[in-house]
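Please look over the chain and its predicted model before reading the notes that follow. They are grouped by topic.

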Amino acid sequence: MTHTPQAEADFAPRDWKQHPPYLSPAYKSTLLRSPSKPLIPVKQSLLTRSGPVFGHDSLGELDSDLTKNGRVNGEPLGERIIVTGRVLDESGRPVPNTLLEIWQANATGRYVHRWDQHDAPLDPNFFGAGRCVTDDQGRYRFTSIKPGAYPWGNHHNAWRPAHIHFSLFGPAYLTRLVTQMYFPGDPLLPLDPIYNGIPEGARDLLISRFSIDVTEPVWALGYEFDIVLRGRNATPMEA
Ligand SMILES: [Fe+2]
């Protein structure tokens, strides 16, 4: 198959000035999981662009509201937040019809997962996962609870800053990007090996902005977080 210039641009190689390296020794799990041999590039083909796509009609009404989609017998506990932003290409053009999935700890810093044995309470009314599809302007919006910090086994007294995990699906299942969003002013950020594993000039792109315009009176604090897919301002993505 002959690649058109557009196709070459679509599959531009990873920019290591922007994204975290596979191996970041202070982030202990990368010692085991990073490749020890040179990578073999896999040829892209139409197959990667011809899979199923996602649309608004495949979403449930409560999918983007994490304060409602896990309710059993009441409201989840914690600080209510709205997280919104746009998915943009390198020229600032909106990227519509992108499926965003998020997952996060509850307000106490505990995930609903059998591997999470952190001694902090689960919230029976908070599941911690949601999804939505970007609109014509590339915009997404979630309502949730501010996640708590949690300890992890990376090193002595290691705590993850509050964060929300994001996954983006492009036009096919193989076009997936994964990243994490942080909150402004978090004192744990400078101590976090995952955050510090991102090239210095790019890591701040993962910190959301508090927005009084997004904040809803008597309801929830608002945060904005744009995701840029390529270029100088590309949002760092996990390998
Ligand atoms: Fe996490």
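**Briefing on the predicted model**

Tyrosine 150 has a relative accessibility of 13% and therefore counts as buried, where buried means under 20% relative accessible area, exposed over 50% and partly exposed in between (1.4 Å probe, protein chains only). The model is predicted, so that local features need pLDDT of at least 70 and side-chain atom pairs count only at pLDDT 80 or more, while totals for chains, interfaces and linings use all residues. Residues are numbered from 1 along each chain as its sequence is written, and side-chain values use heavy atoms, with hydrogens and water left out.

**Iron site**

- The iron ion has as its protein donors Tyr111 (OH), Tyr150 (OH), His163 (NE2) and His165 (NE2), which lie 1.9 to 2.2 Å from it; donors are N, O and S atoms within 2.8 Å of the metal (3.2 Å for Na, K and Ca), and because water is not among the atoms, sites may look incomplete.
- Along the chain, the donors of the iron ion are spaced as Y-x38-Y-x12-H-x1-H.
- Because tyrosine 150 belongs to strand E5 (residues 150-151) and histidine 165 to strand E7, the pair ties together parts that are 15 residues apart in sequence; strands (E, at least two residues) and helices (H or I, at least four) are DSSP runs, numbered from the N terminus.
- Histidine 165 is buried, with a relative accessible area of 12%.
- The angles subtended by the 4 donor atoms around the iron ion run from 91 to 159°, which makes the arrangement irregular. Four donors count as tetrahedral if all angles lie between 85 and 135 degrees; four count as square planar and six as octahedral if opposite donors are over 155 degrees apart and all others between 65 and 115, and anything else is irregular.

**Aromatic pairs and charges over rings**

- Rings of Phe, Tyr and Trp (its six-membered ring) pair if their centres lie within 6.5 Å, with planes under 30 degrees apart counted as stacked, over 60 as edge-to-face and the rest as tilted; by this rule the count comes to 10 aromatic pairs.
- One of these pairs is formed by tyrosine 140 and phenylalanine 166, edge-to-face at 5.8 Å centre to centre with 75° between the planes. This pair links distant parts of the chain, with tyrosine 140 in strand E4 (residues 139-145) and phenylalanine 166 in strand E7 (residues 163-169), 26 residues apart.
- Both tyrosine 140 and phenylalanine 166 are buried.
- Tyrosine 182 and tyrosine 195 also form an edge-to-face aromatic pair, at 5.5 Å centre to centre and with 75° between the planes. Here tyrosine 182 lies in strand E8 (residues 176-182) and tyrosine 195 in helix H3 (residues 193-196), so placed that the pair links distant parts of the chain, 13 residues apart.
- Tyrosine 182 and tyrosine 195 are both buried.
- A cluster is made up of Tyr140, Phe142, Phe166 and Phe225, linked by ring pairs.
- The charged end of arginine 203 sits over the ring of tyrosine 195, 5.9 Å from its centre, and lysine 146 lies over the face of phenylalanine 183, at 5.0 Å from the ring centre. A charge sits over a ring if NZ of Lys or CZ of Arg is within 6 Å of the ring centre and within 35 degrees of the ring normal.

**Individual residues**

- Threonine 143 has its place in strand E4 and is buried, with a relative accessible area of 12%.
- Neighbours within four places in sequence aside, threonine 143 is in contact (heavy atoms within 4.5 Å) with Ser64, Asp65, Leu66, Thr67, Ile81, Ile82 and Trp219.
- Alanine 158, in the loop between E5 and E6, counts as buried at 3% relative accessibility and touches Tyr150, Pro151 and Trp152, not counting residues up to four places away in sequence.
- Asparagine 157, in the loop between E5 and strand E6 (159-160), is exposed at 58% relative accessible area, and has a positive phi of about 60° although it is not a glycine.

**Whole chain**

- The chain has 3 helices and 11 strands, and 43% of its 239 residues count as buried.
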